[in-house]
Amino acid sequence: MWIRSAMTYRASFVVTVFGNLLVTGLDFVAILLMFSQVDSLGGWSLPEVAFLYGLSATAFGIADLTFGSMDVLGGRMRDGSFDTLLVRPVPVLAQVAADHFAVRRLGRITQGALVLGWGLLAVDVDWTAAKVLLVPVMLVCGGVIFCAVFVAGAAFQFLAQDAAEVQNAFTYGGTTLLQYPPTVFGKDFVRGVTFVLPLAFVNWVPASYVLERPYPLDLPSWTAFASPLVAAVCCALAGLAWRAGLRSYRSTGS
Amino acid sequence: MGSGRLYLAVAVGGFRRYATYRAATAAGVFTNTVFGVILVYTYLALWDEKPHLGGYDQTQAVTYVWLGQCLYATLAIQGGGAEKDLMQRIRTGEIAVDLYRPADLQLWWLAGDVGRALFQMLGRGVIPFAFGALFFPMALPADVTLWAAFAVTLLLATLVSFAIRYLAALSVFWLMDGMGVNQALMITGVFFSGMVLPLNAFPGVLGEIVRVLPWAAQIQMPADVLMGETDPLRAYAFQAAWAVVLLAAGRLVQSAATRRVVVQGG
């Protein structure tokens, strides 16, 4: 339904996809601007940063396409229209995900994939079967980890109601963070996004294996292949949080 | 005197309207702080590779980041201030009611936006800035006159920011839908205001161009005045010139636009 409604205004749809591509491309433009002044950032070259960027942006794009509508949840709870979702015979989470489903978000994936493609061609890597295989695994697991963050954020909205923007700090903030090398950030900060909110497994850790860079926090080398496990745990925790949130929901009662 | 009180009341209304959403404000503070921390680290890495990029040292670059986070919502860098409601009213035709009011349309919306900006500054801007000053080395002046000069540039920045968004909103009289304009506001605002990188760190000709565009009046000028990088009078002249030009253009477009309005009876 949301796809059809978007397609009704064809010209407007094309413009918004294109605009979305531009908006999401801005942070890469920022990186390009930085590299117009320096040859490396935190010791990483432009192709390597592009590789990180492409992985993070594409994985985030996948999550944004499926669960990016989660931020309308707070509004729905406030105006009471959330209650209608509860009485329909479809899982609430699926309904919320499909709510305001926006195909224009393909712009983000496209832009991320383009940068990733260039990064893959430009990085200086001896490709082995394991490295080649790890790239799609990173994209899928990264997408799943970001999905879990979106769902956990949505669960938090049951508590906070009016604070959808807190979620942005973790979703948009998370993807911005991962677009830069881990060497840029302080040790404690990296520890936080590795062990508390395990975003480092979206790209930093596995990409260190592919690019043969020292692992962040000197993690053991097997952690490069731990992303699927991390993604599974994230999903389980986010699912639990969502169920707890849904149970605690009290309608506005107006 | 009477009309002055009217616009004051409108400004107070704008302030109170945004003050209502306390949880949303707290969420915004949190988000701006997180983004500030991420940006600070990347800038520090950048300035590590190239010290004195754009004439700033590391502490000045850090100060610039937190100032940007402080002014992000205040100046509606990405859009989302009074122009959002104005576009909505033009699209739905409610603008006809506004035109009937015994008040000047531009001043009315300006007053509301100034109230909004003041709240966003106090409610959403000050805390991330204070957080930055507490946990990162910043280049803040001890001189009170510089802070006063900084306050004046903020006022002028608010005017320029409003003038740009007002012009953009008026385009809806012809376009009927604000989606594309909003997107354009977002892109130009983030890029040309220097949210992604200080404008004086932009390379070559691109840098020279972005530094004379009106968006430079928003973060770059206040930052340079606060850190003593530019003569306040020069900054005032630059900001005021753009404010006058853009507000005048706004009036011109407004009179052309309102002649198009046809009020349907019924």
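Modeller: What follows starts with confidence, then moves to one helix and its neighbours.

This is a predicted model. It scores ipTM 0.88 and pTM 0.91. Chain A averages a pLDDT of 88, and 97% of its residues score at least 70. Chain B averages 92, with 99% of the residues at 70 or above. Within chain A, helix 1 (residues 2–8) has the lowest mean pLDDT of the elements, 71. Helix 11 (residues 204–210) of chain A has the highest, 95.

Take helix 9 of chain A, residues 164–178. Look first at its partner in the other chain. The axes of helix 9 of chain A and helix 2 of chain B (residues 22–49) come within 8 Å. They cross at roughly 15°. An angle under 35 degrees counts as roughly parallel, so helix 9 of chain A is roughly parallel to helix 2 of chain B. The crossing of these two helices is right-handed.

From helix 9 of chain A, the contact is made by A:Glu165, A:Val166, A:Asn168, A:Ala169, A:Phe170, A:Tyr172, A:Gly173, A:Thr176 and A:Leu177. Helix 2 of chain B brings B:Ala24, B:Ala27, B:Gly28, B:Phe30, B:Thr31, B:Val34, B:Phe35 and B:Ile38. By class, that contact divides into 11 nonpolar, 5 polar and 1 charged residues.

Now widen the view to the whole interface. Here 35 residues of chain A are in contact with 32 residues of chain B. The area buried between the chains is about 2,900 Å². Carbon and sulfur atoms give 76% of that area. On the chain A side, A:Leu33, A:Gln37 and A:Glu165 lose the most area to chain B. Together these three account for 22% of what that side buries. A:Glu165 also belongs to the helix 9 contact described above.

Next, turn to the neighbour within chain A. The axes of helix 8 (residues 129–160) of chain A and helix 9 of chain A come within 8 Å and cross at roughly 165°. Angles over 145 degrees count as roughly antiparallel, so helix 8 of chain A is roughly antiparallel to helix 9 of chain A. This crossing is right-handed. Helix 8 of chain A contributes A:Phe146, A:Val149, A:Phe150, A:Gly153, A:Ala154, A:Phe156 and A:Gln157. Helix 9 of chain A answers with A:Ala164, A:Val166, A:Gln167, A:Phe170, A:Thr171, A:Gly174, A:Thr175 and A:Leu178. The contact has 9 nonpolar, 6 polar and no charged residues.

The crossing is right-handed. Residues in contact include A:Phe51, A:Leu55 and A:Phe60 of helix 3 of chain A, and A:Met138, A:Phe146 and A:Phe150 of helix 8 of chain A. By class, the contact has 14 nonpolar, 5 polar and 1 charged residues.

Conventions: Residues numbered from 1 in each chain as written. Chains lettered and ligands numbered in written order. Predicted model: local features only at pLDDT ≥ 70, side-chain atom pairs only at ≥ 80, totals over all residues. Heavy atoms only, no water. Axes fitted to C-alpha atoms, helices over the stretch in contact; angles between N-to-C directions. Helix = DSSP H or I, 4+ residues; strand = E, 2+ residues; numbered from the N terminus. Parallel < 35°, antiparallel > 145°, perpendicular 65-115°, else oblique. Left-handed = near helix turned anticlockwise from the far one by under 90°. Contact = heavy atoms within 4.5 Å. Nonpolar A, V, L, I, M, F, W, Y, C, P; charged D, E, K, R; others polar. pLDDT = per-residue confidence, 0-100. Buried area = accessible area lost by both parts, 1.4 Å probe.
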